[in-house]
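Open the model in a viewer and keep the sequence panel beside it. The stops below can be selected one after another.

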Amino acid sequence: MTVDLTRPTGPFRYGDRVQLTGPKGRLHTITLREKGELHTHHGVLRHAQLVGLPDGSVVTGSGGHEYLALRPLLRDFVMSMPRGAAIVYPKDAAQILASADIFPGATVVEAGVGSGALSLWLLRAIGATGRLVSFERREEFAEVARANVETYLGTPPANWEVVVGDLVESLPGAVAPASVDRVVLDMLAPWECIDAVADALTPGGVVLCYVATATQLSRVAEFIRGTGLFTDPEANETMVRGWHVEGLAVRPDHRMVAHTGFLLTARRLAPGAVPPDVRKRALKKPSYADEDVEIWTPGAVGDREITDKNLRKRVREAQRIADGARIAAATETDAATD
Ligand SMILES: C[S@@+](CC[C@H](N)C(=O)[O-])C[C@H]1O[C@@H](n2cnc3c(N)ncnc32)[C@H](O)[C@@H]1O
């Protein structure tokens, strides 16, 4: 089924997701349903009060409290959706789309899918004519991601495939050799996947690795360089500092998210090609022993692992929200055909 990747516009309708900012800036995200109600300790707000109003309206609940109603932006949605694994933050997603040159119609491979945050940005960038194949080795994470994507888009898009399995084992069976335009790796040990990625990428294609620590960055850069199959890797990180802008008080915010991860990109060379600068200097072998590999455990690189119990809770939460969105969308379709 072709999914409409454009955002709904115009007055609020049943089926829309709406973010309400209530007293003291408290956020509530609802999907508008016939007879739906938001209950808080400030009173009740009926969903019907919103239907027909323009985006950005203010409505008053039964307790006299006002709520600002806006359709959430994608960045609002990904920051508030249930998470199994840590997500790619919007600032990094934006850089990934630009650095990896994700374009409409592209065939893109992503691993791991985690909570599906990056999948949503990629799906938007490739559009209806592109294809996204997302790999995830943990079934529960794949379920959270599917539910989140379904909640946001209303239905899972036909041009998105989630493969449950390790990328190295599953990639050759899922895509033809040299057929993939872009590969984005967000995982603990991307170097383990580089050989499989090199086979899948089309000449000139881009691989982008998103890693949290400098040790991972160094390891994956040296691995890529050592294959001789890619251009020399380029790395950067993005820091976004908010500013307080009010009257004469114009200054950087006191707090910021200072570090999320590093981006590393490289392009697949044509078979047999050796760039002139590489010919000049001998290829260095990566200087990592097997024992070093043991060091890259989730705990050692500071990756907090979610407990199984907590993860099952997140799966249920994501599926409950997706079910709610599905019911609301069905209500809207029924109302439209009545
Ligand atoms: C940080 S999360 C990805 C978050 C995701 N990009 C997002 O924005 O929601 C990393 C994920 O990679 C998965 N993973 C790690 N190595 C993998 C591999 N070789 N193949 C498939 N998935 C892998 C993990 O299970 C985990 O869910």
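Start with Thr40, whose bridge partner in β4 is Gly43. Helices (H or I, at least four residues) and strands (E, at least two) are DSSP runs, numbered from the N terminus. Residues are numbered from 1 along each chain as its sequence is written. This is a predicted model: local features need pLDDT of at least 70 and side-chain atom pairs count only at pLDDT 80 or more, while totals for chains, interfaces and linings use all residues.

**The hairpin**

Two strands count as paired if DSSP finds at least two bridges between them. β3 and β4 make a hairpin, with two residues between them.

**The open sheet**

Next, select β2, β1, β6 and β5. These four strands form an open sheet in the order β2-β1-β6-β5, and the pairing is antiparallel. β2 (27-31) and β5 (57-60) are the edge strands, each pairing on one side only. From one strand to the next the twist averages 30°. For such angles, axes are lines fitted to C-alpha atoms, for helices over the stretch in contact, and angles run from 0 to 180 degrees between N-to-C directions.

Zoom in on β5 and strand β6 (residues 66-70), which pair in the antiparallel sense over four bridges. Ser57 has Ala69 as its bridge partner in β6.

**The ligand shell**

Now select the ligand and the 23 residues around it; Ala85, Gly112, Gly114, Ala117 and Met187 come nearest. The elements giving two or more residues to this shell are α3 (117-126), β8 (131-136) and α5 (167-174). A residue counts as near a molecule or strand if its C-beta atom, placed from the backbone, lies within 6 Å of it.

Colour the shell by class: 14 residues are nonpolar, four polar and five charged. Here Ala, Val, Leu, Ile, Met, Phe, Trp, Tyr, Cys and Pro count as nonpolar, Asp, Glu, Lys and Arg as charged, and the others, Gly among them, as polar.

Stay on Gly112, which lies in the loop between β7 (107-111) and α3. The peptide bond from Ala111 to Gly112 is cis, with omega near -15°.

**The nonpolar core**

Which residues touch the most other members of the largest nonpolar core? Of its 85 residues, they are Ile96, Val109, Leu122, Val183, Val207, Leu208 and Val220. α3 gives the most to this core, with eight residues. Domain 1 (7-72) and domain 2 (76-295) both contribute residues, so the core lies between them. The domain bounds come from an automatic or database domain assignment.

A nonpolar core is a set of buried Ala, Val, Leu, Ile, Met, Phe, Trp, Tyr and Cys residues joined through C-beta atoms within 7 Å. Buried means that 20 or more other C-beta atoms lie within 10 Å of the residue's own, exposed means 12 or fewer, and partly exposed is in between, with C-beta atoms placed from the backbone.

**Single residues**

Go to Asp101 in the loop between α2 (90-99) and β7. Asp101 is not a glycine, yet has a positive phi of about 55°. Asp101 is partly exposed, with 15 other C-beta atoms within 10 Å.

Then pick Ala178 in the loop between α5 and β10 (180-186). Ala178 has a positive phi of about 55° although it is not a glycine.

Finish at Leu153 in helix α4 (residues 139-153).
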